[in-house]
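Hi everyone, thanks for making time for this. Let's look at a structure together and take it a piece at a time.

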Amino acid sequence: MNSLNVQRLRKDFPILKKKVNGHNLIYFDSAATSQKPKQVIDGIKYFYENLNSNPLRSIHYLAERATEAYSDARDKVAKFINAAPEEIVFVRNTTEAINLLSFALPLAKDDIVATTYLEHHSNLLPWFNLRNKGVMVEIVDVDKNMDLDLSYYEDMSEKTKLVTLSHESNVSGTINDAKKISRIAHKKGAMVLVDAAQSVPHLPVDVKELDVDFLAFSGHKMLGPFGIGVLYVRKSISNQLSNFLSGGEMIKSVRLNDVVYADLPNRFEAGTQNIEGAYGLGLAIDYLNAIGMRNVEKYGHALALELFEKMGQIKGLEIYGGKSRNFGAIAAFNVKGLHSHDVAYFLDKKGIAIRSGFHCAQPFVEDKLRVNGACRASLYLYNTSHEIDTFCGELKKIVNTYGRG
Amino acid sequence: MDEDKVYEFLDLYRNPEQFGKPKDFDVEEEGFSESCGDNFTVYLKFDGDSIRDVHFEGSGCIISTVSISKLCSALRGRRRSSVPKMGIDDVKKLLGVKTISMSRARCATVGLDAIKLAVEKTGDE
Ligand SMILES: Cc1ncc(COP(=O)(O)O)c(C=O)c1O
């Protein structure tokens with residue numbers, strides 16, 4: 001595991017020095033939100049001390065600087081996923097990106113939206129809401145290894161207008177073949193949206209290579225601040241979209257009976273934006289680029305293999321991930337005989353942070369894992385082999401003391 | 001930290017009192033905690049103004065299961081009118097703990113809320 005120097009980069013994350021309940025913090029909850037390096041934390045302070053003002057509006061020195069900062073951030077995001085700057089719409093998070101599309105896409109009665117069983121609620125509910133317009137929502141199934149049933153796409157109806165799927169599931173860790181699915185969907189005339197909330201932080205993502213029409217992700221899961229996310233919109237499709245929010249900066253000209261709307265991306269960025277957030281996200285991208293996303297991916301893959309291998313040796317665990325063709329360092333599991341909250345509570349006493357419950361993917365957890373909650377350990381570039389050992393050691397103790405394996 | 005005490009209740013968690021659907025009951029009500037996935041049903045049998053028996057079914061974490069189990073035992077024979085006034089402090093008393101952290105408060109009250117609803121539902125009789 002030497003694709004990156006983990007001991008050196010850990011020093012960039014002040015929070016990792018914290019003691020929790022008397023133990024060194026082991027943060028295994030990065031799928032919920034990542035920790036932030038000091039480059040991002042200090043950068044946000046720098047923004048407020050040196051650049052702060054409302055961009056795009058005023059013409060004074062500071063407004064110039066803020067406008068520049070905002071536009072640089074957009075350029076960085078665009079380059080990061082191989083898009084053009086105008087194809088990058090800043091939003092609050094993945095949830096807002098998907099909701100925006102659910103309002104803006106020209107979907108009508110009897111059109112089909114195909115989403116999947118692996119989705120976070122944020123890629124289900126916005127589409128369920130369209131049912132009252134007569135839009136039909138179909139759910140692509142998964143097999144026992146948590147891989148998507150690709151035959152659905154081969155056989156899908158011509159009425160399918162949108163295919164939407166997560167690139168990486170936040171529960172099973174499955175990494176879906178978005179490129180292949182996109183190719184099939186396009187052949188059938190459907191548009192493709194990829195929820196990349198869990199993939200953009202962990203692997204190189206290239207929208208041209210995946211050939212998708214829309215891609216959504218959140219800054220806070222990729223070392224950036226809260227409150228900033230991205231919706232990539234393929235430029236050639238943007239004129240098919242209707243407006244979402246209306247107000248300042250999304251127009252070219254407003255007369256009382258004649259409004260001319262701005263082009264992409266401003267048309268979807270009504271009102272004063274989260275400039276601090278965009279700036280911080282740009283810094284997070286700088287940080288990831290300095291390591292190299294290939295290295296981040298390699299390291300994550302090595303962590304994932306080690307995690308599943310070591311957890312696999314603990315009797316009394318049920319492990320739900322690590323079986324699909326391709327997967328990330330996200331391990332959902334239960335200790336036999338214990339509720340996930342209780343396991344999370346015991347681990348927290350040892351300074352280990354994991355997530356428990358439904359993970360905002362209740363249909364998947366209930367119908368596919370067939371449990372009423374699961375624990376989830378999710379790792380990122382600052383986690384170590386040694387932490388995996390400590391985690392597995394504590395897990396073993398919990399199994400032996402309280403489990404019923 | 002005295003939440004730790006709750007974990008003395010592991011035996012009760014494994015073999016809870018008042019567990020199972022009774023043959024004879026007047027009202028049933030569901031209790032659900034979406035963040036945890038706790039899912040319980042409570043069954044109440046009344047005897048005029050008092051509660052003759054309370055049972056529950058379902059599953060959840062240790063705190064929610066032990067809380068609902070102890071509540072069911074404690075409420076047998078009590079007056080219906082005592083239920084609406086109950087709150088998390090009563091659950092804490094039953095558990096013998098002084099504090100319950102914010103993130104676990106819902107676990108402690110999921111059963112109580114269901115029982116309250118059931119009593120409310122039958123209030124006019
Ligand atoms: C796969 C996936 N999609 C969407 C989301 C929602 O992200 P956000 O809460 O930042 O909008 C998450 C976050 O948990 C996720 O893991």
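Let me start with a question: where in chain A does A:Gln198 lie? Have a look at the loop that runs between strand S8 (191-195) and helix H8 (207-210) of chain A, and you will find A:Gln198 there. Before I go further, please keep in mind that this is a predicted model.

Now, is A:Gln198 buried or exposed? Its relative accessibility is 5%, and buried means under 20%, so A:Gln198 counts as buried. Who are its contacts? If we skip the neighbours within four places in sequence, A:Gln198 touches A:Ala31, A:Glu168, A:Asn170, A:Lys221 and A:Ile330. For another pair, take A:Gln198 and A:Ile181: they are 17 residues apart in sequence, and their C-alpha atoms are 18 Å apart in space.

Let's zoom out to chain A as a whole. How many helices and strands are there in chain A? The count is 13 helices and 17 strands. The radius of gyration of chain A is 22 Å, close to the 22 Å that the globule rule gives for 405 residues, so chain A is as compact as a globular protein of that length. Along its principal axes, the C-alpha trace of chain A spans about 75 × 55 × 30 Å. Of the 405 residues in chain A, 57% are buried. And if you take the contacts in chain A with a separation of 6 or more, 71% of them join residues 24 or more positions apart.

Over to chain B, where I'd like to show you two helices. Helix H2 (residues 62-75) and helix H4 (residues 105-121) of chain B pack at an angle of about 40°, and their axes are 7 Å apart. With that angle, H2(B) and H4(B) are therefore oblique to each other. The crossing of H2(B) past H4(B) is right-handed. By class, their contact has 10 nonpolar, 3 polar and no charged residues. On the H2(B) side you can pick out residues including B:Ile63, B:Leu71 and B:Leu75, and on the H4(B) side the residues they meet include B:Val110, B:Leu112 and B:Ile115.

One last stop: B:Lys92, which sits in helix H3 (residues 88-95) of chain B. Is B:Lys92 buried or exposed? At 17% relative accessibility, B:Lys92 counts as buried. Leaving out neighbours within four places in sequence, B:Lys92 is in contact with B:Val97, B:Lys98, B:Thr99 and B:Ile100.

Technical notes
Residues are numbered from 1 along each chain as its sequence is written. Chains are lettered from A and ligands numbered from 1 in the order in which they are written. This is a predicted model: local features need pLDDT of at least 70, side-chain atom pairs count only at pLDDT 80 or more; totals for chains, interfaces and linings use all residues. Side-chain values use heavy atoms; hydrogens and water are left out. Axes are lines fitted to C-alpha atoms, for helices over the stretch in contact, and angles run from 0 to 180 degrees between N-to-C directions. Helices (H or I, at least four residues) and strands (E, at least two) are DSSP runs, numbered from the N terminus. Angles under 35 degrees count as roughly parallel, over 145 as roughly antiparallel, 65 to 115 as roughly perpendicular and the rest as oblique. A crossing is left-handed if the near helix is turned anticlockwise from the far one by less than a right angle, and right-handed if clockwise. Contact means heavy atoms within 4.5 Å. Ala, Val, Leu, Ile, Met, Phe, Trp, Tyr, Cys and Pro count as nonpolar, Asp, Glu, Lys and Arg as charged, and the others, Gly among them, as polar. Buried means under 20% relative accessible area, exposed over 50%, partly exposed in between (1.4 Å probe, protein chains only). The radius of gyration is taken over C-alpha atoms; the globule rule is 2.2 Å times the number of residues to the power 0.38.
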